[in-house]
Amino acid sequence: AELQDNPNVCVVFWNASKNVQVRASGRVILETKSVVAQQYWQKIAPKNRRDYSTTVAPSCRINSGDKFLPDFWQAGDLTLHNTAPAFDNFTVLVAEIDKLDCLHSHREGHQRAQFKWSDTGWDQMWVVP
C-alpha cells in the first residue's frame, strides 16, 4: 500500500571487499495479478510458495501458536493447483532507476560519481565524496 501511494524508491548496495557503495533511485512499478507477475510465479516451486500462502497479512499480530497457513501445508499436499490461491499475495517489483550515486571509499582518497538518466541517455559527473 505504501508503494502504491508513493512509488519512489532508493536502494543501497555495498560491496565490502571493493569498498564500493551504489545508491540507486527511481520509481517502482507493482506487478500484481499481471502477466509479468504470472511469469515469475510459474517459476516458483509449490514448496517455495509457502511465503505467499498465509491466511492473514504479513505483520498482523497473532497469538503464539496461531495457525496462519492453510491446512494443506500441514498435510504436505503441495501441488501447483492448491498453491495457486497464494498468487493473490504475490507481487513483482519492477524498478525504473533514473539516478545512481557511486562511492568508492579508499584510504588514498575517496571517489564519487553520479549518473542521471535523461532523454539522451545517462548524464554523468564526478562530485565531491
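To begin with, is F68 buried or partly exposed?

Author: The model is a predicted one. In it, F68 is partly exposed, because its relative accessible area is 34%. The residue is found in the loop between α2 (35-41) and α3 (71-75). Together with V56 and I62, F68 forms a nonpolar patch on the surface, and the accessible area of the three is about 220 Å².

The paired side chains may now be considered. A search of the whole structure finds 3 salt bridges. In one of them, the side chains of D101 and R23 meet at 3.1 Å, N to O. D101 lies in strand β3 and R23 in strand β2 (residues 20-32), so this pair ties together parts that are 78 residues apart in sequence. D101 is buried, with a relative accessible area of 6%, whereas R23 is partly exposed at 31%.

D101 also forms a salt bridge with R112, where the closest N and O atoms are 2.6 Å apart. This pair links D101 in strand β3 to R112 in strand β4, 11 residues apart.

K33 lies in the loop between β2 and α2 and D88 in the loop between α3 and β3, so the pair ties together parts that are 55 residues apart in sequence. K33 counts as exposed at 53% relative accessibility, while D88, at 46%, counts as partly exposed.

Note on methods:
Residues numbered from 1 in each chain as written. Predicted model: local features only at pLDDT ≥ 70, side-chain atom pairs only at ≥ 80, totals over all residues. Heavy atoms only, no water. Patch = residues over 30% accessible without salt bridge, like charges linked within 9 Å, V, L, I, M, F, W, Y side chains within 5 Å. Areas by Shrake-Rupley, 256 points an atom, 1.4 Å probe, with all protein chains shown as cover. Salt bridge = Lys/Arg side-chain N within 4 Å of Asp/Glu carboxyl O. Helix = DSSP H or I, 4+ residues; strand = E, 2+ residues; numbered from the N terminus. Buried < 20%, exposed > 50% of the residue type's maximum accessible area, 1.4 Å probe, protein only.
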